[in-house]
Amino acid sequence: MQWTQLLNTSMEESFSTADKMMSLVSDDELNWKPETGNNWMTVGQVLKHMTNSCGFCCNGFATGEWGMPEESCDSEQEHTNTLRPAEALPTIDSVTSARELLAQDRQMALDVLKEAGEERLESEMSNAPWEPDNSRNLGLHCLGMVQHLDSHRHQLFYYL
C-alpha cells in the first residue's frame, strides 16, 4: 500500500466517523465537561479542536505555513511545547458550525495529499513546530494528524 492510498482511506474513515459523532451532540450540550479531574475541554471545545486537528496540520507540514490556530497556544508561546489550559481554549457556537468546519478541514487534508503526491509523502522530511528535534517524512506527519483527529474523536465518544 502506498502513502496516498493509506492516508486517503484513513482520512475518509476518520472524518466520516467524526462527523457522525458530532451529529449526536446537541447545541445545549456544548458546555458540558466531566465533573471529576481537571483540565478537561468542554464538548464545544473538543468539537472546535477537531475542526483543525488534521487538515490544518497536514497543510502546515506540506507548506511550512503554520499560522497556528487560536486554540493551540498563546502568541508568545507559539511553536513551543507549552499549550494553553483547557479553560482558555475557544469553543464552537453550534454543532452545525463544527460540522461545516470539519468538512473544510477534511477537504484541506485531501487537497494536501493530492498536491503532495506519493514522492513527497515518502521522501520529504520536516519537523513539527512542537517537536523541532524529531524529523519525519510528510506521510508519517499526515498519518499522525489522522491519529490526532481520532484521539479527539475518541474523547468525544467518551463524553457521549
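Visitor: Let's start with Asn39. Is Asn39 buried, exposed or partly exposed?
Guide: Asn39 counts as partly exposed, because its relative accessibility is 49%. The cut-off for exposed is over 50%. Keep in mind that this is a predicted model.

Visitor: Where does Asn39 sit?
Guide: Asn39 lies in the loop between helix 1 and helix 2.

Visitor: What does Glu87 touch, leaving out neighbours within four places in sequence?
Guide: Glu87 is in contact with Asn39 and Gln45.

Visitor: Which loop holds Glu87, and is Glu87 buried or exposed?
Guide: Glu87 is in the loop between helix 3 and helix 4. Glu87 counts as exposed, because its relative accessibility is 60%.

Visitor: Let me zoom out. How many helices and strands are there?
Guide: The protein chain has five helices and two strands. From the N terminus, the elements run α-α-α-α-β-β-α.

Visitor: How much of the chain is buried?
Guide: Of its 160 residues, 48% count as buried.

Visitor: Now the strands. How do strand 1 and strand 2 pair?
Guide: Strand 1 (residues 125–128) and strand 2 (residues 131–137) pair in the antiparallel sense. Four bridges link the two strands. A hairpin of two residues joins strand 1 to strand 2.

Visitor: Which residues in strand 2 partner Met125 and Ala128?
Guide: Met125 has Asn137 as its bridge partner in strand 2. For Ala128, the bridge partner is Glu131.

Visitor: Next, helix 3. How many of its residues are buried?
Guide: Seven of the nine residues of helix 3 (residues 55–63) are buried, and the helix is mostly covered.

Visitor: Which ones?
Guide: Gly55, Phe56, Cys57, Cys58, Gly60, Phe61 and Ala62 are the buried residues of helix 3.

Visitor: What covers them?
Guide: The cover includes helix 1 (3–22), helix 4 (95–123), strand 1 and helix 5 (138–159).

Visitor: You mention helix 1 and helix 4. At what angle do their axes cross?
Guide: The axes of helix 1 and helix 4 cross at roughly 175° and come within 9 Å. Helix 1 and helix 4 are therefore roughly antiparallel to each other.

Visitor: What kinds of residues make up that contact of helix 1 with helix 4?
Guide: The contact of helix 1 with helix 4 has 13 nonpolar, three polar and seven charged residues.

Visitor: How far are the C-alpha atoms of Thr4 and Lys114 from each other?
Guide: The C-alpha atoms of Thr4 and Lys114 are separated by 7.8 Å. Along the chain, Thr4 and Lys114 are 110 residues apart.

Visitor: Why does Thr4 count as partly exposed?
Guide: Thr4 counts as partly exposed because its relative accessibility is 22%. Buried would need a value under 20%.

Visitor: Last topic, helix 2 and helix 5. How do their axes cross?
Guide: The axes of helix 2 (residues 43–50) and helix 5 come within 10 Å and cross at roughly 160°. That makes helix 2 roughly antiparallel to helix 5. Helix 2 passes helix 5 in a left-handed crossing.

Visitor: Which residues meet there?
Guide: From helix 2 come Val43, Val46, Leu47, His49 and Met50. In helix 5 they meet His148, Leu149, His152, Arg153, Gln155, Leu156 and Tyr159.

Visitor: How many residues of the contact of helix 2 with helix 5 are nonpolar, polar and charged?
Guide: The contact of helix 2 with helix 5 divides into seven nonpolar residues, four polar and one charged.

How values were computed:
Residues numbered from 1 in each chain as written. Predicted model: local features only at pLDDT ≥ 70, side-chain atom pairs only at ≥ 80, totals over all residues. Heavy atoms only, no water. Pairing = 2+ DSSP bridges. Buried < 20%, exposed > 50% of the residue type's maximum accessible area, 1.4 Å probe, protein only. Contact = heavy atoms within 4.5 Å. Axes fitted to C-alpha atoms, helices over the stretch in contact; angles between N-to-C directions. Parallel < 35°, antiparallel > 145°, perpendicular 65-115°, else oblique. Left-handed = near helix turned anticlockwise from the far one by under 90°. Nonpolar A, V, L, I, M, F, W, Y, C, P; charged D, E, K, R; others polar.
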